[in-house]
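Here's a quick tour for anyone meeting this protein for the first time. Have a look at the fold below, then read on.

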Amino acid sequence: MLPIGDEVVCFSAVFLLLLLGTRSVPGASFLTAFLYVFMVTFSFPPVPAEQALRVLRPRAPYGGVLAVAHRGGRHDAPENTLAAIAEAGKNGAAAVQLDLSFTADGVAILMHDETLDRTTNSSGPVDKVQFVQLRRLDAAVNHRLKDRFGGERVPTLREAVEECIRHQLNIFINVKDQPDKAALVLHEMFQKFPVLYNSSMVSSFEPKVVYKMRQTDPGVVTALAHRPWRLSRFSDGSPRSLSTWSQMWMGALDVLLDWALHHVLWKLCGVSAILMQKDFISLDYVQNWLDRGVEVVGWNVNTAVEKDFYQSLLRIGYITDSLLEDCDSQ
């Protein structure tokens, strides 16, 4: 992973790269200055630090370390359901991470996948199903504890928010796409429940989603999620493409994205946190971000040994699939 540099190093590197590309000192200087002015003009300042800390370091039970139940704790209950939220509160989580999606008729719901196949007793794209049809589905049918949670329904975003407020849980709302629609719906939700400004955060792997959220409502705490090499490789390390040229091209894009996130995108979006895949986090990495006023949260931390490392040494928040036992991230 590329190290984080200060602004002088960052723009010096940009100048040198442009100089190599243009072979013109005036041209490279102009483009570097343009980028700097663009950053200054269009960057969003982060929300006040005390507000961000209320979201990222609330009444965390583990010595000030925030334990976040991934999709409500998908190992302990059917993911992205009201039952999962209730279980997370019962099992000691300080926050839950939930996934925003939309039905064909535009209803904001909780769903991670683009299709219904893995988590319900139906199939097909989520955005092709009307909410009234979705409501009839069993969201626990494929879960290991389906006998206990049978008949659990896919909830709306509002139902999930009300359940989290009821259990006094902070919320990490993950958004994959549809930045305009998501930003509008979330802004309306934050206006309806003002307590969310001090207890919730909107995150995404896509910078355009986070930027649109800040543009729509600058008062919302936001985070960028990241896993190095995610464009060219799956989470298990296997290549996404069998084509050598395609793999090389996507690998080059991965390097560019990693550099951009650590030097440009975080500041452009004015994020308060970076949600980083756990295998790429170290004490130095955490400190580099803290020096810039940005918290690091690791995912997915699923064993007792890993959790102890986060609680005792790193002392940063982590997202986990289970509050109760070791489990497989897959």
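This is a predicted model: local features need pLDDT of at least 70, side-chain atom pairs count only at pLDDT 80 or more; totals for chains, interfaces and linings use all residues.

Strand E1, residues 67-70, is covered on both of its faces. Ala-67 and Ala-69 sit on one side, Val-68 and His-70 on the other, and each of these four is buried.

| Partner of E1 | Residues | Bridges to E1 | Direction | Facing pair |
|---|---|---|---|---|
| E9 | 318-320 | three | parallel | Val-68 opposite Ile-319 |
| E2 | 95-102 | three | parallel | Ala-69 opposite Val-96 |

To get from E1 to E2, the chain passes through helix H4 (residues 82-90), and this β-α-β crossover is right-handed.

In soluble globular proteins, nonpolar side chains tend to be buried together. The largest core here has 59 residues, and the members touching the most others are Leu-100, Leu-157 and Ile-274. Helix H10 (residues 244-269) supplies the largest share of this core, with seven residues.

Which residues does Leu-100 contact, once its neighbours within four places in sequence are set aside? Among them are Leu-157, Ala-108, Ile-109 and Met-111, along with Ile-173, Val-175, Ala-182 and Leu-186. Asn-174 and Lys-176 are on that contact list too.

There's also a second, separate core, made up of 18 residues. Met-201, Val-221, Ala-223 and Trp-299 are included in it.

Notes
Residues are numbered from 1 along each chain as its sequence is written. Side-chain values use heavy atoms; hydrogens and water are left out. A nonpolar core is a set of buried Ala, Val, Leu, Ile, Met, Phe, Trp, Tyr and Cys residues joined through side-chain atoms within 4.5 Å. Buried means under 20% relative accessible area, exposed over 50%, partly exposed in between (1.4 Å probe, protein chains only). Helices (H or I, at least four residues) and strands (E, at least two) are DSSP runs, numbered from the N terminus. Contact means heavy atoms within 4.5 Å. Two strands pair if DSSP finds at least two bridges between them. A crossover is right-handed if, with the strands pointing away from the viewer, the path from the first strand over the helix to the second runs clockwise.
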